[in-house]
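Morning, everyone. I have one structure to walk through today.

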Amino acid sequence: MGRLTLVQLAYNGSQFENNAAETVLDALIRQGVDVSYSCKNGFFHSCMLRAEDGEIPQNAQQGLRSSHCDEGFFLPCVCHPISDMALAPPGLNGEFRTAEVVSINPLNSSICRVSLRPEIELRHRAGQFINFRRADGLMRSYSLCNQPDNEILELHVKRMPGGELSNWIIDELQPGAKISIQGPNGGFYLPENAIDKPILFIGPGSGLGALAAVVLDALGRGFTAPLRLYHGTSAGKGLYLRSAMANLAEANSNFRYVPCVSGIDVPKFCRQGRANDIALDNYPDLRGWRVFLCGTAGMVHDSKKRAYLAGASLDDIFLDPYEHREAPAPQHNELSMSRGLRDGKAGPFHKPSDRFGP
Ligand SMILES: Cc1cc2nc3c(=O)[nH]c(=O)nc-3n(C[C@H](O)[C@H](O)[C@H](O)COP(=O)(O)OP(=O)(O)OC[C@H]3O[C@@H](n4cnc5c(N)ncnc54)[C@H](O)[C@@H]3O)c2cc1C
Ligand code: FES
């Protein structure tokens, strides 16, 4: 069906008009409906709704896991409706819920492991991500680095120079604090019935967390085909979980871990160069391979093209790009509170910690 000029949206017992020029999200906002959203670009899944009736355009489900698509979830921020639609709130997966911070521990000089206990169990697949929201509404996405059978969620948060949320998490967030999380999101995981075939994993910095989660999932499923993990950093001190990865390689002959350093001071156990360049040069023929790419958006999209040109099928390339939006604060009617928090005037701030020492 082609695009209509005007469709009707039903939501929470009310009817709204949606014109062809606007997305479902814009139509709801224009008419004063209380909905969560942030990037307005389909990146963070923070606006997810469910369609109880009506046709969902394909692009409005891009990046959602297949079970979500089957249940009618879609992203209204990228949905130009092609029929009348009856909409419903997202339910538990799309809603924000409380989680308690259990611990925050350094993994190296700029990355820490944040452990969270969600109030309600969150069922995820290894490699998916959640949205992490501070009390004033500031929200960012972080990959889930633990295996799904653990009730404690593990994030690897890297300090971004000048970064609002990452610095707050590393310096100020304390065990016992309550934050909000939404998810799990994204299709960065091994499909349920995935057959055993070689996998190339590439990611810099804290991207190792999601990649290692998928590696463990593959090993846990008994995969015996080659698993190759290229982890990148600009200097040797940026590596982390090195002995855990080396032990894993020692215990599993099909798994190989290759740390890569792009700077000039390269430890002798590392390859010199960018992880994606080294990995893709080492594997010029990726026919029959799966490829997992995680990290900065430019690197991920560039490597996707190269993996495709090397023969990997698009269905076998899994992406977790750290897309970045210019206007970082999410919008929600209920979040108009506590601007003082961001001005440093009020709110649950603690003195900066010395977690990383001097
Ligand atoms: C799906 C997904 C999964 C993610 N998983 C992780 C994870 O597991 N661990 C992790 O540490 N981070 C992860 N990120 C990135 C994370 O969401 C934040 O973007 C990051 O922590 C920086 O937030 P901030 O508030 O500290 O920085 P901001 O205050 O948003 O930005 C500070 C400065 O850095 C720049 N900047 C911020 N982010 C980027 C970027 N991605 N690319 C280029 N410039 C940028 C800004 O322009 C600004 O100048 C993920 C992002 C996505 C979309
Ligand atoms: S995914 Fe819709 S607002 Fe970000």
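Start with a cut-off: a residue is buried if 20 or more other C-beta atoms lie within 10 Å of its own, and exposed if 12 or fewer do. Keep in mind that this is a predicted model.

Now apply that. Leu241 has 20 other C-beta atoms within 10 Å, so Leu241 is buried. Its phi is positive, near 55 degrees, and Leu241 is not a glycine. Look for Leu241 in the loop between strand S13 (227-233) and helix H5 (242-251).

Next, Asn12. Buried or exposed? Asn12 has 9 other C-beta atoms within 10 Å, so Asn12 is exposed. Asn12 also has a positive phi, about 50 degrees, without being a glycine. Its loop runs between strand S1 (6-11) and strand S2 (14-19).

One more backbone point. The peptide bond between Gly183 and Pro184 is cis, with omega at about 5 degrees. Pro184 sits in strand S11 (residues 178-185).

Zoom out. The chain holds eight helices and 17 strands. It has 358 residues, and 42% of them count as buried. Among contacts with a separation of 6 or more, 67% join residues 24 or more positions apart.

Now the ligand. How many residues surround ligand 1? The count is 25, and the closest are Ser143, Gly163, Leu165, Ser166 and His324. Elements giving two or more residues to that shell are strands S9 (139-143), S10 (153-158) and S17 (317-322), plus helix H3 (164-171). By type, the shell has nine nonpolar residues, 11 polar and five charged. Domain 2 (97-186 + 326-343) and domain 3 (199-322) each supply at least three residues to the shell.

How values were computed: Residues are numbered from 1 along each chain as its sequence is written. Chains are lettered from A and ligands numbered from 1 in the order in which they are written. This is a predicted model: local features need pLDDT of at least 70, side-chain atom pairs count only at pLDDT 80 or more; totals for chains, interfaces and linings use all residues. A residue is near a molecule or strand if its C-beta atom, placed from the backbone, lies within 6 Å of it. Helices (H or I, at least four residues) and strands (E, at least two) are DSSP runs, numbered from the N terminus. Ala, Val, Leu, Ile, Met, Phe, Trp, Tyr, Cys and Pro count as nonpolar, Asp, Glu, Lys and Arg as charged, and the others, Gly among them, as polar. Domain bounds come from an automatic or database domain assignment. Two residues are in contact if their C-beta atoms, placed from the backbone, lie within 7 Å.
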